[in-house]
Amino acid sequence: MYCTKCGQMIEDNASFCPFCGESVVPGAAGNSPSFDSQSAASPFNGANPYDAPQLGGQYQAAVQGEVASPFLIPNILGTLLCCSPVFIVGLVFSILSNNKAGAGDVQDANSKAQVAKICFWIGLGLGILQAILVIIVMAFGAAVPVE
């Protein structure tokens, strides 16, 4: 039989609905499968289950507190373009930061993101210094005559 309040299927010998708690008279005419769905309450107690999705991972961490940018993309690009070990360390900390944010550990995610950010800026500075040194060596190397 079906509950007249929530419309859920319940056992024939039940004296109350296990879903909504409504008192049920076994064998009553209102407990037939053809209940009026307009008068029956929603099985979700009036709430649409799609209105409030359960947040998880990084989104849940963002609700609990502000998560810093893990500098994942810049560290990936630095690793691919410069092949510097500093970018690789930054990449590892970026991934760790994302994992911690996904687990909801905002404080640890922010500390790992800070290390990833520092590694990115150190790697970028070393890359620029390396490029300047190469230009200087090439400029002075071309100016020295070979005998």
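## Contacts and overall make-up

Among contacts in the protein (heavy atoms within 4.5 Å) between residues at least 6 apart in sequence, 48% join residues at least 24 apart. The model is a predicted one, in which local features need pLDDT of at least 70 and side-chain atom pairs count only at pLDDT 80 or more, whereas totals for chains, interfaces and linings use all residues. Residues are numbered from 1 along each chain as its sequence is written, and side-chain values use heavy atoms, with hydrogens and water left out.

The protein has 4 helices and 0 strands, and its pattern along the sequence reads α-α-α-α; helices (H or I, at least four residues) and strands (E, at least two) are DSSP runs, numbered from the N terminus. Of its 147 residues, 21% count as buried, where buried means under 20% relative accessible area, exposed over 50% and partly exposed in between, with a 1.4 Å probe and protein chains only. The accessible surface of the protein, from the Shrake-Rupley method with a 1.4 Å probe, comes to about 10200 Å², and 65% of that surface belongs to carbon and sulfur atoms.

## Confidence

The average pLDDT (the predictor's confidence in each residue, from 0 to 100) is 76 for the protein, and 69% of the residues score at least 70. Over residues 29–39 pLDDT stays under 50, and for this stretch the model has 12 contacts beyond four places in sequence. Residues 57–63 also stay under 50, and for them the model has 12 contacts beyond four places in sequence.

## Helix α3

Helix α3 (residues 85–103) has 19 residues, which at 1.5 Å a residue should span 27 Å, and the end C-alpha atoms are 27 Å apart, in agreement with that value; the expected span is 1.5 Å times one less than the number of residues.

In α3, the residues F87, G90, S94, S97 and A101 are buried. They cover an arc of only 70° around the axis, which puts them on the same side of α3; the arc is that of the directions from the helix axis to the C-beta atoms. An α-helix has 3.6 residues a turn, so residues three or four places apart point the same way. On the other side of α3, P85, N99 and A103 are exposed. The helix is followed by G104, whose phi is positive, near 95°.

## K112 in helix α4

K112 is found in helix α4, which covers residues 106–143, and is buried, with a relative accessible area of 18%. Leaving aside residues up to four places away in sequence, K112 touches F93, L96, S97 and K100.
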